[in-house]
Each structure stands twice: as C-alpha cells, then as structure tokens.
Protein chains: 2
Amino acid sequence: MKNDSLSQKNTTRPTHHLPHLTRNQQAVLAVLRQQSDALSAQELYGVLREQQAIGLATVYRALETLKLQGLVQSRSGTNGEALHSPIEQDRHYLTCLHCGQSFLLDHCPVHDLAVQVHLSVPFKIYYHTLEFFGLCEPCTHQRS
Amino acid sequence: MKNDSLSQKNTTRPTHHLPHLTRNQQAVLAVLRQQSDALSAQELYGVLREQQAIGLATVYRALETLKLQGLVQSRSGTNGEALHSPIEQDRHYLTCLHCGQSFLLDHCPVHDLAVQVHLSVPFKIYYHTLEFFGLCEPCTHQRS
DNA sequence: GGTATTATGAGAATGATTATCATTCGCTTA
DNA sequence: TAAGCGAATGATAATCATTCTCATAATACC
C-alpha cells in the first residue's frame, strides 16, 4: 500500500523562515524524500554513503536540525531505533500491532482541524502526525 | 496543560481479547496510567523499584507485550530513548519544536474519523495517535 | 586575504535495548 | 498436596543506537 504517486507540491516548506541548510543537511532531506518508507539513522547513513562521503554523527546532527525546522518527523520503530521521514508529504500511517508493518494513508483526515486547535490554545502549529494502530488483513488471520 | 481530570472510563480495554496480563505487566501498566507524562523505560523501572522487586529486562518485555496488546504507545523522545504512555486515555499532544515540551490535548478531534478509514481499507483499527508540532507561546518569542 | 564561526568526521563514550540462561512462578493434572 | 510443564523473571552480558570530543575543513563575514 505504498503511495508512490504522491508528488511534492511545495518545496519551499515551513511557514517560519528556514535558517539555511548545509549541503549535508539537504542531502539527508533529499534521501528521506526519495524513500517511500521511514528510515532509521543507520539506514539513512548507508544510503548516503553510496552517494557521497559523510559521517554518521553528521547524519544524526542533520536529523536533529531538520526536526527542529519542522522538516522531518521521527517515531520509534520496533527495534529500539527511531524512524525518520519527511513531513512535507503529510504522511499518516496505519500500523499493524502484530507485524509492525506500516501502510501509508493517501489522504489526511485531520488537515483542517489544526486550525481549530490553534485557536483554542497559545500554540503555533506547523504540522501534525497521525497514526492508526491495529491489525492488517493478513495478521487478522494468522495470529500467534 | 496537564489534564489530570481525565478518568479511566474503560478498564476492560481492547476490543480484541486480551490474553492475560502478568502481575508485572499489570504493574507497569498501572504506573503508566498514574503518570501524567510519558515515561522512558528507565524512568518506569525507577518508579517500579520503589514499589516492588522487578528487573529492567522485565520492564522492557512488559512494554513490548503491552504495545502488542494495544494498551501502550511509544514515541521517540529527544534524548534517543522511547517514551511510553497508556493509550486508553486517548492522549494527543501539542509538541514544541524548540523546547521539546509536550502539552496534552483534552479533546481528540479525530475520534470519529477512524470509522471512515476503517471502511476504506482492510485494516482493523484499535487506536490512533495524533501529535501537533510547532512553537509554544514562550518559544515563539525567545528563539535562539 | 584574514579571521571568526560553524559544520564535519573519526572514533570514543555513553546509554538504551536486547539476548542469554539459570531459576522461579503459575497452573494443570494426578 | 505433589509432580510436571511452559511461561515469566532477573541478573548480567552483549549489542547497537545515539551522543560526545576534538582536531580539521568549510563557510561567512569583514
């Protein structure tokens, strides 16, 4: 249920000014945008090394910066690592409790609600994440 | 913005049968339900040790079990650890990109949408998470 | 160009998470 | 109640993700 047809509508992303991304930070972001699945820092590192010289620490630092910019989001994977994905594509997931597999939602059901929330509390919202958990079709049957 | 007034409406939680929780697993769940903030495994371990004898590995195993049951959710914290919280209270957050602080939403704006999503894909939804990211009031001013 | 500032990389250090394995617990059955 | 069995537990080691350190390189600013 990968949604490969999603296009990047808006490259000049965050509504707040972005301070300047270094070459490496841009490279990290670019890789994340190419992938259809969320990547761990180590996986990201592996992909990047095929393209250019880069240090693992730099990858982590880039992720930290990008998260602070609101350009990348992270969630905890099933093996104790964090999984990272770009947020400009408004990715929302269905995640199976049994096999851990994630499926992309092609539409965000919350999109407009953010406005209302914004009005009720002193908080400037830049983006949101939504994740549904349950059982995917195969796991509904063959459960351990 | 802690929401301490939330009460547990439903102790017999997941719609799918729950296989049986051990004493330790129940203890872990109980502590999480008492806390107003999400806890790391280590913090959880610290709190539990004040009440009873328990091993760190058991805490991790209990968390894994509880997550599989749909009773606990995890998200990645700012220090490379995972933060765990009970899901029966339907916790949804506003998280500040600058200071990392999380604020509880007292109302879930998505609650009914799950039904629609369920109908459109072969996936049985048990719960969902929603998180908004942006800047909290203080951080809107004093930004580095 | 010259200097200050920031980013980078390699590797060490830290710390979270998982695996191992012997022991204990909980439950069933005789 | 006793014996037996499978799952749970705890201590500890092992693993691996993440962060820190520091010397160097790149970049910005004058």
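Q: At what angle do helix 1 (residues 23-34) of chain B and helix 3 (residues 56-68) of chain B pack?
A: In this predicted model, local features need pLDDT of at least 70, side-chain atom pairs count only at pLDDT 80 or more, and totals for chains, interfaces and linings use all residues. Side-chain values use heavy atoms, with hydrogens and water left out; residues are numbered from 1 along each chain as its sequence is written, chains are lettered from A and ligands numbered from 1 in the order in which they are written. Helices are DSSP runs (H or I, at least four residues) numbered from the N terminus, and axes are lines fitted to C-alpha atoms over the stretch in contact, with angles from 0 to 180 degrees between N-to-C directions. The axes of these two helices of chain B are 9 Å apart, and the helices pack at an angle of about 80°.

Q: How are helix 1 of chain B and helix 3 of chain B oriented to each other?
A: Angles of 65 to 115 degrees count as roughly perpendicular. The packing angle is about 80°. Helix 1 of chain B and helix 3 of chain B are therefore roughly perpendicular.

Q: Which residues of helix 3 of chain B make the contact with helix 1 of chain B?
A: Contact means heavy atoms within 4.5 Å. Helix 1 of chain B contributes B:N24, B:Q25, B:V28, B:L29 and B:L32. From helix 3 of chain B come B:T58, B:A62, B:L63, B:T65 and B:L66.

Q: What area is buried between chain A and chain B?
A: The contact takes 40 residues from chain A and 41 residues from chain B. Buried area is the accessible area (1.4 Å probe) that two parts lose on being put together, summed over both. Carbon and sulfur atoms give 69% of the area, which is about 3400 Å².

Q: Which element gives the most to the surface near DNA strand C?
A: A residue is near a strand if one of its heavy atoms lies within 4 Å of it. Helix 3 (56-68) of chain A together with helix 2 (41-49) and helix 3 of chain B each supply at least two residues. The most, four residues, comes from helix 3 of chain B.

Q: How far is a phosphate oxygen of DNA strand C from an N or O atom in the side chain of B:Y60?
A: B:Y60 is among the residues that come nearest to DNA strand C. For the B:Y60 side chain and a phosphate oxygen of DNA strand C, the distance is 2.6 Å.

Definitions and conventions. Angles under 35 degrees count as roughly parallel, over 145 as roughly antiparallel, 65 to 115 as roughly perpendicular and the rest as oblique. A polar contact is a pair of N or O atoms within 3.5 Å; within protein, one must be able to donate a hydrogen and the other to accept it, and residues adjacent in sequence count only if both atoms are side-chain atoms.
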